[in-house]
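Biologist: Please put the model on screen. I have some questions about its contacts and its confidence.

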Amino acid sequence: MARDAGGPGPSRRRRRSEPLDWLNAEPSTPTPERSEEHGEGSLFQPGQARAEGYRPGSGTEDPPTGRVPNAAPLTRREARARRSERDSGRGPRRPADPPTGALPRTARRPAEPSAHETGRFAAPPPVGRPADPVANPVLNPFSREAYEAAPETGPLPLNVPPTRSPVPPPAPRPGGRDRSATPEPAAPRSRSHPPSSGRPASEHPSSGRSDTRSDTRSDPRPSSPPDAGPAGPPARSPRPAHPLLVAGLTGAAAVLLAWAAVPLLDSAAEPVTLLATFCPLVTVAAIPVLALSASRRALLPGVLAGLAAVGPWLFAAGYAAAGPGPNEGSAARTVRVMYVDGNHGRLDADSITAAVREQGVDVLVMSGMSDALSHDVAVAGLNRLLTPRWVGITSGRSDGLGVWSRQGTVTMESVPSTGAPTAQGLVTTPAGTFELIATSIPGTALRPGAGWRDALEKVSQLSARSPHRVLVGDLASTPWHPAFRRLGDAGWHDAADVNGRGLRPSWPAWSPVPVTPLDHVMVGDGMGVSGVDSARIGGTPDRAVVASVVVPG
């Protein structure tokens, strides 16, 4: 073929004024078949040619495949000018898909269909997938798997294993069988395209092959309903008690119950008297036995310990109710009577003087006096507050008695027939006249005297016919001693019992809570009590007892 003087012939060269029609042409749809030339994993579609160096129209095209076998190459100047126009933006931009259906050399994945073409718009991010590197490997965002997953779940982040939250089980259908009784394995979820593409869900639109892959990456752990909340640790039932432990608890409870029953024994033996004195401690000792029995569900020791804890207070139940005399009275008919143990002359004179001033005492009875103590209280100023009415002290001994009063007269005399330091007399005050008996039974709380029961019985028989009488002193007995309870048969009543506001323990004085009442103010049937109190005095193991006695008019 002849060539023109200016260059190649029309079959090889085109005029520069010809428009680049193929750049503005509509993109052709690539055939979905795979190419044997490029292989199974190639990103180029069949019939794709590298159109960078070819131009259509100069040769024949293969209609089935869109190949351009006889396309004439561009000159270097034309290719350079075309690239310059495209890069600078002056010329028309090259379409993503040329008319031949070929992709550019630099392309590594086919163009994704737009939302308007597929009818699917941006969806919310997925709930997540299990972070298992074997069942769910990290997908390359430029791979085919990422492209297939993108329309459904959106693009996946790089190198971040997706997570999966537990999905609640489906609710049973009405009328259907209960699936909770016979659980069935959940069917694997398949990842497929929506049915809007016009193909089955398992068929890919571009490959034409059936995609049999399914998402079996389900959580193997059973899921719970969302409103069930976190399951806490199972409740621990109490362990059964060991037989040896039950036997030990039963034995301890039996011993405590026997201790609580000691007040029923009318015996002068020293062990029995000592156990009866400290009978309130049974309740304290029964608390750990009750706790262990309850924690091990041991019924028998628990019942025995409960009876032992309650038993001692049955003998003092009357102290919770007022009676039998009046428990209220006017100030004009009330006499404040105090009793204090001199502790064989060791009492602090200044302390007793201050207590008399604070308590407003009208009549003071002191036992365990000595000549030195009598001198000390006079020097401390006690005789300026109260007038000493009667003092009975044997020379060289420290078991004397003394009576002081604020107003009135006191006529006292010693009673040696009782076997204990005892004085009896008549007290006349502005409130009224009553008979006063002061005594100190020999013995202590830890070592009761040998004849304390006989001395207590003889004292109780004094002035048996007079209803207006007051018995004051250290009786060395408690409501848990049968000998003390027999005083009620002789017409004597504890001032705390008449007041009805509970016991007033007086020993030991150093304890914040004294254990047992050894010092008492007793009244006859015709006398009333409007109040009972105690005061701590230095130098004595017993607290002083103060009672407001109501004298009948």
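Biologist: Leaving aside its neighbours within four places in sequence, what is Met 522 in contact with?

Modeller: This is a predicted model, in which local features need pLDDT of at least 70, side-chain atom pairs count only at pLDDT 80 or more, and totals for chains, interfaces and linings use all residues. Residues are numbered from 1 along each chain as its sequence is written, and side-chain values use heavy atoms, without hydrogens and water. Contact means heavy atoms within 4.5 Å. On that basis the partners of Met 522 are Arg 469, Val 470, Leu 471, Leu 475, Phe 484, Leu 487, Trp 492, His 493 and Asp 494.

Biologist: Which residues touch the most other members of the largest nonpolar core?

Modeller: A nonpolar core is a set of buried Ala, Val, Leu, Ile, Met, Phe, Trp, Tyr and Cys residues joined through side-chain atoms within 4.5 Å; buried means under 20% relative accessible area, exposed over 50%, partly exposed in between (1.4 Å probe, protein chains only). The largest such core has 34 residues, and those touching the most other members are Ile 441, Leu 475, Leu 487 and Met 522.

Biologist: Is Ala 321 buried or partly exposed?

Modeller: Ala 321 touches Asp 497 and Gly 500, not counting residues up to four places away in sequence. Its relative accessible area is 45%, so Ala 321 is partly exposed.

Biologist: What pLDDT does the protein chain average?

Modeller: pLDDT is the predictor's confidence in each residue, from 0 to 100. At least 70 is scored by 58% of the residues, and the chain average is 74.
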